[in-house]
Amino acid sequence: MSATLLIVYHSQSGSCASLAGAVYRGAREDANVQTVLRRAVDASIADLESASAMALVAAENAGHLSGGAKAFLDRVFYPAIARDLLIPYALLISAGNDGSGAVRDASRMLSGIPMSAATEPMICKGEVTGLHLEQAADLGRALAAGIDMGIF
């Protein structure tokens with residue numbers, strides 16, 4: 001199996017789509033890692049099963065994980081447990097508040113599969129800025145490099 005980074009995102013306003021695109025562009029710089037970008041509504045257990053690692057990009061809505069991202073995690077939760085999927089993940093949250101509720105929601109579900117956090121959660125507060133996009137691209141580069149070097 002080749003090394004694959006799966007990037008799953010849910011975006012209503014476009015902010016998370018921009019952040020996921022930046023993660024994707026950063027990860028694509030590593031020619032040894034295949035990078036797959038999926039909207040949460042389109043992502044499946046098959047995508048997750050073929051991944052070496054996953055980046056989940058989602059928004060904080062009313063202090064919790066966005067519904068589309070939660071629906072993805074709900075959909076893959078039991079099938080991932082049944083398949084003994086233990087892959088590393090990174091979490092990127094676009095937050096109007098402090099992001100802690102969304103991180104808590106996602107982390108609880110991901111650890112229950114169980115998946116392991118490859119990085120500390122990245123929280124982009126407020127409107128997405130150029131700095132946020134640079135940080136997201138750096139996250140993509142780091143995940144791809146970690147997969148490529150066998151760190152994860």
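**Salt bridges, strands and a helix**

Author: Happy to. Arg-38 and Asp-47 join their side chains in a salt bridge, with N and O 3.3 Å apart. Keep in mind that this is a predicted model.

Reader: Thanks. Is Asp-47 buried or exposed?

Author: Asp-47 is buried, because its relative accessible area is 13% and the cut-off for buried is under 20%.

Reader: How many salt bridges turn up in the whole structure?

Author: A search of the whole structure gives 6. One of them pairs Asp-74 with Lys-70, and their closest N and O atoms are 2.9 Å apart.

Reader: Where do Asp-74 and Lys-70 lie?

Author: Both are in helix H3, which covers residues 67-82. They are 4 residues apart, about one turn of the helix. Asp-74 is partly exposed at 40% relative accessible area, and Lys-70 is partly exposed at 37%.

Reader: And which residues are linked in a network of salt bridges?

Author: That would be Glu-29, Asp-138 and Arg-141. Within it, the side chains of Asp-138 and Arg-141 meet at 2.6 Å, N to O. These two sit 3 residues apart in helix H5, again about one turn. Asp-138 counts as partly exposed with 45% relative accessibility, and Arg-141 does too with 32%.

Reader: Nice. While we're on H5, what about Met-149?

Author: Met-149 belongs to H5, residues 130-149. It counts as exposed because its relative accessibility is 58%, and exposed means over 50%. Together with Ile-151 and Phe-152, Met-149 makes a nonpolar surface patch of about 330 Å².

Reader: Switching to strands: why is S5 described as largely enclosed by the rest of the structure?

Author: Because 8 of the 8 residues of S5 are buried, the strand is largely enclosed by the rest of the structure.

Reader: Which residues of S5 point which way?

Author: Pro-88, Ala-90, Leu-92 and Ser-94 point one way, while Tyr-89, Leu-91, Ile-93 and Ala-95 point the other, and all of them are buried. In a regular strand, side chains alternate between the two faces of the sheet.

Reader: What does S5 pair with?

Author: S3 runs parallel to S5, and 6 bridges join the two. In that pairing, Leu-56 stands opposite Leu-91. S5 also pairs in the parallel sense with strand S6, residues 116-117, over 2 bridges. There, Tyr-89 stands opposite Ala-117.

Reader: How far apart are the C-alpha atoms of Leu-91 and Tyr-78?

Author: They are separated by 20 Å, and the two residues are 13 apart along the chain. Tyr-78 is in helix H3 and counts as exposed, since its relative accessibility is 63%. Leu-91, by contrast, is one of the buried residues of S5.

Reader: Last topic, helix H1. What span does it reach, and what is expected?

Author: H1 takes in residues 15-27, so 13 residues by the 1.5 Å a residue rule give an expected 18 Å. From first C-alpha to last, the helix reaches 19 Å, close to that value.

Reader: And which of its residues are buried?

Author: Ser-15, Cys-16, Leu-19, Ala-20, Gly-21, Ala-22, Val-23, Gly-26 and Ala-27.

Reader: What do those pack against?

Author: The buried residues of H1 pack against strands S1 (4-9), S2 (34-39), S3 (53-61), S5 (88-95) and S7 (122-125), and against H5.

Note on methods: Residues are numbered from 1 along each chain as its sequence is written. This is a predicted model: local features need pLDDT of at least 70, side-chain atom pairs count only at pLDDT 80 or more; totals for chains, interfaces and linings use all residues. Side-chain values use heavy atoms; hydrogens and water are left out. Patches are made of residues with over 30% relative accessible area and no salt bridge: like charges are joined within 9 Å, nonpolar side chains (Val, Leu, Ile, Met, Phe, Trp, Tyr) within 5 Å. Accessible areas come from the Shrake-Rupley method with a 1.4 Å probe; for residues, only the protein chains shown count as cover. A salt bridge is a side-chain nitrogen of Lys or Arg within 4 Å of a carboxyl oxygen of Asp or Glu. Buried means under 20% relative accessible area, exposed over 50%, partly exposed in between (1.4 Å probe, protein chains only). Contact means heavy atoms within 4.5 Å. Two strands pair if DSSP finds at least two bridges between them.
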